[in-house]
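Work through the following exercises with the coordinates open beside you. Each task is followed by a solution that goes step by step.

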Amino acid sequence: DVEGSVSGFVNNIKSNILSIGGAFAGLYAVQQTFTEYLSEADSLLKFSRAIGQNVEDIDAWGQAVKRSGGSAEGFQNSLKSLTVQLSKMSTTGKSRAGNILQSVGIDAGDIGRQRNAFEVLSDIADKMQGMSKEEAFGFGASLGLDSGTIMLLQQGRDGVADLVGKMKELGTITPDDTWVEDFNDS
């Protein structure tokens, strides 16, 4: 009887310890998710401010690129590269990507008039829709775009607008989320 009681007591303690361990594991997972969100939001807000683009657009496009098989980081690098090239067009009147865009009939801007990178990406999507997959990849790569962004743009302007719109409906980081930066800084 004593042996059975001790065995039952030990099993009861093991069960309680496992329950407590599971609760701590769950809390840890929630904390990790929250920390990851804070880090991503902070980085995205700073990036959007650095390149002068709307954080909601960057987040929604990044999520759309992820759904198309790429990564948000890859999209951000593509956006940064395109923004730099468009900036060169507005300050010097020429850039490598600007020449490529103009050669296919896309307005890349000119001195004193910089085009918005998202508008140019939509124009690129229009052009890619009529290209073969190989041509679209070559064209996108020549502009410095990553493969995930190219795969998104191959859907055409309407396909991109639809997917980006759905990502915005699901929720994006907004300019009102600046509390994240304050939280991370402190």
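**Exercise 1.** Is F75 buried or exposed in this predicted model?

Solution. The relative accessible area of F75 is 0%, and since residues under 20% count as buried, F75 is buried.

**Exercise 2.** Determine how the rings of W61 and F75 are arranged, and which parts of the chain the pair ties together.

Solution. Begin with the count, which comes to 3 aromatic pairs when ring centres must lie within 6.5 Å. For W61 and F75 the centres are 5.9 Å apart and the planes stand at 15°, so this pair is stacked, the cut-off for stacking being planes under 30 degrees apart. Finally, consider accessibility, where W61, at 6% relative accessibility, counts as buried.

**Exercise 3.** Classify the pair of W61 and F118, and find which residues the ring pairs link into a cluster.

Solution. The ring centres of W61 and F118 are 5.4 Å apart with 45° between the planes, and this aromatic pair is tilted. Its partners come from distant parts of the chain, with W61 in helix α2 and F118 in helix α5 (residues 117-129), 57 residues apart. F118 has a relative accessible area of 7% and is buried. Taking the ring pairs together, W61, F75 and F118 are linked into a cluster.

**Exercise 4.** Describe the packing of α5 and α8, and state which residues make the contact.

Solution. First take the geometry: α5 and helix α8 (residues 156-170) pack with their axes 7 Å apart and at an angle of about 130°. The two helices are therefore oblique to each other, given that an angle would have to be over 145 degrees to count as roughly antiparallel. Then list the residues: α5 contributes S122, D123, A125, D126 and Q129, while α8 contributes G156, R157 and V160. Sorted by class, the contact of α5 with α8 has 2 nonpolar, 3 polar and 3 charged residues.

**Exercise 5.** Which residues does D123 touch, not counting residues up to four places away in sequence?

Solution. D123 lies in helix α5 and, at 18% relative accessibility, counts as buried, the cut-off being under 20%. With those sequence neighbours set aside, D123 touches I106, R115 and R157.

**Exercise 6.** Characterise the surroundings of L82.

Solution. L82 lies in helix α3 and is buried, with a relative accessible area of 0%. Leaving aside neighbours within four places in sequence, the contacts of L82 are with L101, A117, V120 and L121. A C-alpha to C-alpha distance of 7.5 Å separates L82 from A97, and these two residues are 15 residues apart in sequence.

**Exercise 7.** How many helices and strands does the protein have, and what percentage of its residues is buried?

Solution. The protein has 9 helices and 0 strands, and from the N terminus on the elements run α-α-α-α-α-α-α-α-α. Of the 186 residues in the protein, 38% are buried. Among contacts with a separation of 6 or more, 62% are between residues 24 or more positions apart.

Methods:
Residues are numbered from 1 along each chain as its sequence is written. This is a predicted model: local features need pLDDT of at least 70, side-chain atom pairs count only at pLDDT 80 or more; totals for chains, interfaces and linings use all residues. Side-chain values use heavy atoms; hydrogens and water are left out. Rings of Phe, Tyr and Trp (its six-membered ring) pair if their centres lie within 6.5 Å; planes under 30 degrees apart count as stacked, over 60 as edge-to-face and the rest as tilted. Helices (H or I, at least four residues) and strands (E, at least two) are DSSP runs, numbered from the N terminus. Buried means under 20% relative accessible area, exposed over 50%, partly exposed in between (1.4 Å probe, protein chains only). Axes are lines fitted to C-alpha atoms, for helices over the stretch in contact, and angles run from 0 to 180 degrees between N-to-C directions. Angles under 35 degrees count as roughly parallel, over 145 as roughly antiparallel, 65 to 115 as roughly perpendicular and the rest as oblique. Contact means heavy atoms within 4.5 Å. Ala, Val, Leu, Ile, Met, Phe, Trp, Tyr, Cys and Pro count as nonpolar, Asp, Glu, Lys and Arg as charged, and the others, Gly among them, as polar.
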